[in-house]
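Reader: Hey, I'm new to this one. Could you walk me through it?

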Amino acid sequence: MKKYLIAAVVILLSLSLSACGAKKEESSADNTEAVTEDKNTQNNTNEPASELLEVYTSFYPLYDFALKVGGDKVNVVNLVPAGTEPHDWEPATTDILSLEKGDILIYNGAGMEHWIEQVTSSLENESLILVEASNGITLLEGGEEEEEEEEDGHEESGYDPHVWLSIKNAKKEMENIKEAFVKADPDNAKYYEENYIKYAAQFDELDQKFSTELSALANKDIVVAHKAFAYLCADYGLNQVAIEGLSADSEPDAKRMAEIIDFAKDNNIKTIFFEELVSPKVAETIASEIGAVTDVLNPLEGLTQEQLNTGEDYLSIMEKNLEALLNALK
Ligand SMILES: [Zn+2]
């Protein structure tokens, strides 16, 4: 799409010689690898690079939805590197330079990207299309953790940003992304529409499977590491009790630990969930206290490089989440 490809390559090459360049180079390599792994983008090399929409996404689920809809008509770069938890991440100078040359920036919104306003208002790239993927989704209140966040100097919306953990909402985010691609690249509108329809059907099918299988279980309470699963719980009548807050890296105090342990004992909790990008230490402590096991419930805020390499995506990880929930609640 951009005419300045050669100039961009020269700039990126010279950046990679600087100190911050190393990080950027690494994250670009990660993303290239992930793109090659995706079966929909196998024709990428047959397309001249200048014909592709240059798409940036703020973190993993949006990256996956953009790849699904955009296929081989887009080049998608995920800003948050693989294996990095996105809540406290913010773009480096090299990311800003990339955004100056991009066509589209897709972000979640609902307070997830505390840097979005400052970064986008400082960009000189007037043709960059901003897509707030959560647009049109009914947001849930954030709860009391928001006050702590404000003390950290983060801009907070007062809402829970984890909308993508509802499969219905994830489909809506994918639809918003599709609409943006259609508008930015009308020549390929039919292609984007067809990809959307194909994946939307898979999302519907998985949503139905969650609904059927979870509704058959009497237990509804799950104990999770960070408070990411409210939208998922709302869809299937589950109740999350979170050890930590809305941000993934906060640590509970002794009082909170005691409350969780009491709750788990009173409610026959057999599994304490943790997530891969954050230390399982607290979950393990609580589990050993009550004789429970620990298991992974993935909030899909980021995949590890290994998961990307082996072709995991939103749908496959959500399948694993369903298995983990069924094991915990049976
Ligand atoms: Zn989170």
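Author: Here is a short tour of confidence, the sheet and a few helices. This is a predicted model, where local features need pLDDT of at least 70, side-chain atom pairs count only at pLDDT 80 or more, and totals for chains, interfaces and linings use all residues. Residues are numbered from 1 along each chain as its sequence is written.

Reader: What does the protein average for pLDDT?

Author: The average is 85, and 80% of the residues score at least 70. pLDDT is the predictor's confidence in each residue, from 0 to 100.

Reader: Where does it stay under 50?

Author: Over residues 3–49, a stretch with 46 contacts beyond four places in sequence in the model. A contact means that the C-beta atoms of two residues, placed from the backbone, lie within 7 Å. Residues 144–155 also have pLDDT below 50. Where pLDDT is low, the predicted coordinates should not be read in detail.

Reader: OK, on to the sheet. In what order do the strands come?

Author: The order is β2-β1-β3-β4, in an open sheet of 4 strands with parallel pairing. Strands here are DSSP runs of E with at least two residues, helices are runs of H or I with at least four, and both are numbered from the N terminus. Two strands pair if DSSP finds at least two bridges between them.

Reader: Which strands stand at the edges?

Author: β2 (74–78) and β4 (129–132) do; each has a single partner strand, so one side of each has no neighbour in the sheet. The twist averages 20° from one strand to the next.

Reader: And β1, is it buried or exposed?

Author: 5 of the 5 residues of β1 are buried, so the strand is largely enclosed by the rest of the structure. Buried means 20 or more other C-beta atoms within 10 Å of a residue's own, exposed means 12 or fewer, and partly exposed is in between, with C-beta atoms placed from the backbone. Both faces are covered, with L53, V55 and T57 on one side and E54 and Y56 on the other.

Reader: What stands opposite V55 in β2?

Author: V76 does, and β1 pairs with β2 over 5 bridges. On the β3 side, V55 stands opposite I104, and that pairing has 3 bridges.

Reader: What about β3 and β4, how many bridges there?

Author: 4 bridges, in the parallel sense. L105 stands opposite L130 in β4.

Reader: Switching to helices: what does α3 lie across?

Author: α3 (residues 60–70) lies across β1, β2 and β3, running at about 170° to β2. Axes are lines fitted to C-alpha atoms, for helices over the stretch in contact, and angles run from 0 to 180 degrees between N-to-C directions. α3 is mostly covered, with 11 of its 11 residues buried. What covers them includes α7, α8 and α13.

Reader: How do α3 and α8 cross?

Author: Their axes come within 7 Å and cross at roughly 120°. That makes α3 oblique to α8; angles under 35 degrees count as roughly parallel, over 145 as roughly antiparallel, 65 to 115 as roughly perpendicular and the rest as oblique. K68, V69 and G70 in α3 meet Y192, N195, Y196 and Y199 in α8.

Reader: Last one: where is S316?

Author: S316 sits in helix α13 (residues 314–329). S316 counts as partly exposed because 14 other C-beta atoms lie within 10 Å.
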